[in-house]
Amino acid sequence: VMSSSKLCDADWKYNRKFRNSRIANYEIMKKHNGMRPLDLVVLLKIVALDKQSWRKKDLAQWLGISGSEISESLARSEIAGLVDSTHRQVFRRSLLDFLQSGLRYVFPQRPGELVSGMPTAHSAPVLNDRLVSSESLVWPDSTDNVRGQAVEPLYHTVPQACREDPVLYDLLALADVMRMGRTREIKVAKTLLKERRLHDHNAQ
């Protein structure tokens with residue numbers, strides 16, 4: 001039988017460990033402060049690059065985002081379990097799960113007014129020969145003349161970034177299907193996402 005002094009010592013150690021754990025969790029959540037739409041653009045750009053070499057300043061230039069935003073974005077994605085500690089390897093299965101099951105709830109979108117812009121979702125080239133719809137969806141963009149209902153991109157520089165990277169364009173257009181598509185459209189988009197670099201070739 002433990003003495004009262006030993007029991008008190010054990011309780012104190014347990015309480016200290018529990019308190020430290022709570023503080024650590026609080027600090028993690030404080031640093032994370034929730035995923036942002038920008039984070040998915042950064043992750044999908046890394047996926048689009050596949051085995052190409054890159055630096056954070058390259059991502060910043062290609063995406064029209066500041067270097068500090070890139071670093072903060074990757075830190076949030078690491079805490080969320082979507083990228084490894086080196087920020088070089090995206091956990092593609094986890095990202096696909098998030099796109100399929102969480103995107104429409106975390107970053108929902110509904111088509112808006114008629115504008116000119118860059119086709120997205122089922123209206124984008126990656127899907128327009130697989131899905132037929134009477135409505136066109138576009139990211140508002142003054143340099144494109146396709147008319148359709150406005151869809152706010154995950155980040156305001158997305159149209160320009162996609163003009164320079166067709167693979168990223170496909171991935172982000174498919175992600176928009178996950179944000180607002182119907183069941184059949186989501187099923188087709190998930191298959192295409194797997195074909196376009198989000199196939200499972202890592203353990204996560």
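Trainee: Which residue stands opposite Gln149 in β3?
Mentor: Leu137 stands there. This is a predicted model, where local features need pLDDT of at least 70, side-chain atom pairs count only at pLDDT 80 or more, and totals for chains, interfaces and linings use all residues. Residues are numbered from 1 along each chain as its sequence is written, and side-chain values use heavy atoms, with hydrogens and water left out.

Trainee: In what sense do β2 and β3 pair?
Mentor: Parallel, over two bridges. Strand β3 covers residues 146-150. Two strands pair if DSSP finds at least two bridges between them. Helices (H or I, at least four residues) and strands (E, at least two) are DSSP runs, numbered from the N terminus.

Trainee: What does Val138 stand opposite in β3?
Mentor: Ala150.

Trainee: And β1, how does that strand pair with β2?
Mentor: Strand β1 spans residues 114-119, and pairs with β2 in the antiparallel sense over three bridges. Gly117 stands opposite Pro140 in β2. Met118 has Trp139 as its bridge partner in β2.

Trainee: How many bridges link β1 and β3?
Mentor: Four, and the sense is antiparallel. Gly117 has Val146 as its bridge partner in β3. Leu114 has Gln149 as its partner in β3.

Trainee: Back to Trp139. How many aromatic pairs does a search of the whole structure find?
Mentor: One. The rings of Trp139 and Tyr169 have centres 5.8 Å apart and planes at 50 degrees, so the pair is tilted. Here are the cut-offs: rings of Phe, Tyr and Trp (its six-membered ring) pair if their centres lie within 6.5 Å, and planes under 30 degrees apart count as stacked, over 60 as edge-to-face and the rest as tilted.

Trainee: Which parts does the pair tie together?
Mentor: Trp139 lies in strand β2 (residues 137-140) and Tyr169 in helix α8 (residues 166-180), so the pair ties together parts that are 30 residues apart in sequence.

Trainee: Are Trp139 and Tyr169 buried or exposed?
Mentor: Trp139 is buried, and Tyr169 is buried too. Buried means under 20% relative accessible area, exposed over 50%, and partly exposed in between (1.4 Å probe, protein chains only).

Trainee: What lies over the face of Trp54?
Mentor: Arg88, at 3.8 Å from the ring centre. A charge sits over a ring if NZ of Lys or CZ of Arg is within 6 Å of the ring centre and within 35 degrees of the ring normal.

Trainee: New topic, helices. At what angle do α8 and α9 pack?
Mentor: About 150 degrees, with their axes 9 Å apart. That makes α8 roughly antiparallel to α9. Helix α9 covers residues 183-198.

Trainee: What are the rules behind that angle and its name?
Mentor: Axes are lines fitted to C-alpha atoms, for helices over the stretch in contact, and angles run from 0 to 180 degrees between N-to-C directions. Angles under 35 degrees count as roughly parallel, over 145 as roughly antiparallel, 65 to 115 as roughly perpendicular and the rest as oblique.

Trainee: Where does Leu96 sit?
Mentor: In helix α5, residues 92-101. Leu96 is buried, at 5% relative accessibility. Leu96 and Leu82 are 14 residues apart in sequence and 9.7 Å apart in space, C-alpha to C-alpha.

Trainee: What about Leu95, buried or exposed?
Mentor: Buried, with a relative accessible area of 0%. Leu95 is also found in helix α5. The C-alpha atoms of Leu95 and Leu44 are separated by 9.0 Å, while the two residues are 51 apart along the chain.

Trainee: Where are His87 and Ala121 found?
Mentor: His87 lies in the loop between α4 (67-79) and α5. Ala121 is in the loop between β1 and β2. His87 counts as buried at 10% relative accessibility, and Ala121 counts as buried at 2%.

Trainee: Last one. How many helices and strands are in the protein chain?
Mentor: Nine helices and three strands. From the N terminus on, the elements run α-α-α-α-α-α-β-β-β-α-α-α. Of the 204 residues of the protein chain, 44% count as buried.
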